[in-house]
Amino acid sequence: MPTRKKAKGKTKTKAKRKKSHVTKATTRRKTATARKKPAKKAPVRRASPKKATPPANAAVKPGPASPPAQPVAATPTPNVPAQPAPPGERIGVVTHYYSHLSVATVRLEAGTLRVGDVIHIRGHTTDFSQRIESLEVNHAPATEVGPDDDFGLKVVGHAREHDVVYKVRP
């Protein structure tokens, strides 16, 4: 008996699955799920009703007569609120603040400043007093600084540029 030769082509063949016929009786039915109620919408907010203005030709009801107004002496009132008096002698201005060191650099305009003096720093959002613990000029410790000196100063609060430094009189 003659033997058959194998067909040439792919040497490895994958077995194909046969598709099974699905009948209507075996189909899976959907299970009943609890349906969520739709969320209620918030009521629409309406503008408040405007007050009715009387027509221009409406008659004005006479009310009780008010006494004549007394003349008031005109006193000039400035629009700027009164600022408190400076706490001492103005001696300088903050030129820079290093937040990671809590150090302010100050330019001394007038007077002298020593370790142990009490100063007050005031600005737009700054207002605190402190005793001077350390002074530094060009990264070197100093005990006293004079006019037109730029120096570093350890501060207890946050100082900002252009804050004014006052020397407090004891």
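What percentage of the 170 residues in the protein chain is buried? Buried residues make up 21% of them, where buried means under 20% relative accessible area, exposed over 50% and partly exposed in between (1.4 Å probe, protein chains only).

This is a predicted model, in which local features need pLDDT of at least 70, side-chain atom pairs count only at pLDDT 80 or more, and totals for chains, interfaces and linings use all residues. Residues are numbered from 1 along each chain as its sequence is written, and side-chain values use heavy atoms, with hydrogens and water left out.

**Whole chain**

Start with the protein chain coloured by secondary structure. It has zero helices and 10 strands; helices (H or I, at least four residues) and strands (E, at least two) are DSSP runs, numbered from the N terminus. Now show the surface. The protein chain exposes about 16,200 Å², and carbon and sulfur atoms supply 56% of that area (Shrake-Rupley method, 1.4 Å probe; for residues, only the protein chains shown count as cover).

**The sheet**

Select the strands of the open sheet of eight, which follow the order E5-E4-E10-E1-E2-E9-E6-E7 with antiparallel pairing. Two strands pair if DSSP finds at least two bridges between them. Strand E5 (127-131) and strand E7 (140-142) stand at the edges with a single partner strand each, so one side of each has no neighbour in the sheet. Neighbouring strands of this sheet are turned by 35° against each other on average, direction ignored (axes are lines fitted to C-alpha atoms, for helices over the stretch in contact, and angles run from 0 to 180 degrees between N-to-C directions).

Go to E5 and its partner E4. A hairpin of four residues joins E4 to E5, and the two strands pair in the antiparallel sense over five bridges. Select His120 to find its bridge partner in E5, Ser129.

Val137 stands opposite Ala140 in E7.

**The core**

Next, select Leu113, Ile121, Phe151 and Leu153. These have the most contacts inside the largest nonpolar core, which has 18 residues. A nonpolar core is a set of buried Ala, Val, Leu, Ile, Met, Phe, Trp, Tyr and Cys residues joined through side-chain atoms within 4.5 Å. The elements giving two or more residues to this core are E1, E2, strand E4 (118-122) and E9. Around Ile121, not counting residues up to four places away in sequence, the residues touched include Val94, Phe128, Val155 and Val165; contact means heavy atoms within 4.5 Å.

**Salt bridges**

Which side chain meets that of Glu109 in a salt bridge? Select Arg90: the N to O distance is 3.2 Å. A salt bridge is a side-chain nitrogen of Lys or Arg within 4 Å of a carboxyl oxygen of Asp or Glu, and the count comes to five. Glu109 lies in the loop between strand E2 (103-108) and strand E3 (113-114) and Arg90 in strand E1 (residues 89-98), so the pair ties together parts 19 residues apart in sequence.

Move to Asp150 and Arg107, whose side chains meet in a salt bridge at 3.1 Å, N to O. Asp150 lies in strand E9 (residues 150-154) and Arg107 in strand E2, so this pair ties together parts 43 residues apart in sequence. Asp150 is partly exposed at 44% relative accessible area, and Arg107 is partly exposed at 35%.

Finish at Arg122, which forms a salt bridge with Asp127, the closest N and O atoms being 3.7 Å apart.
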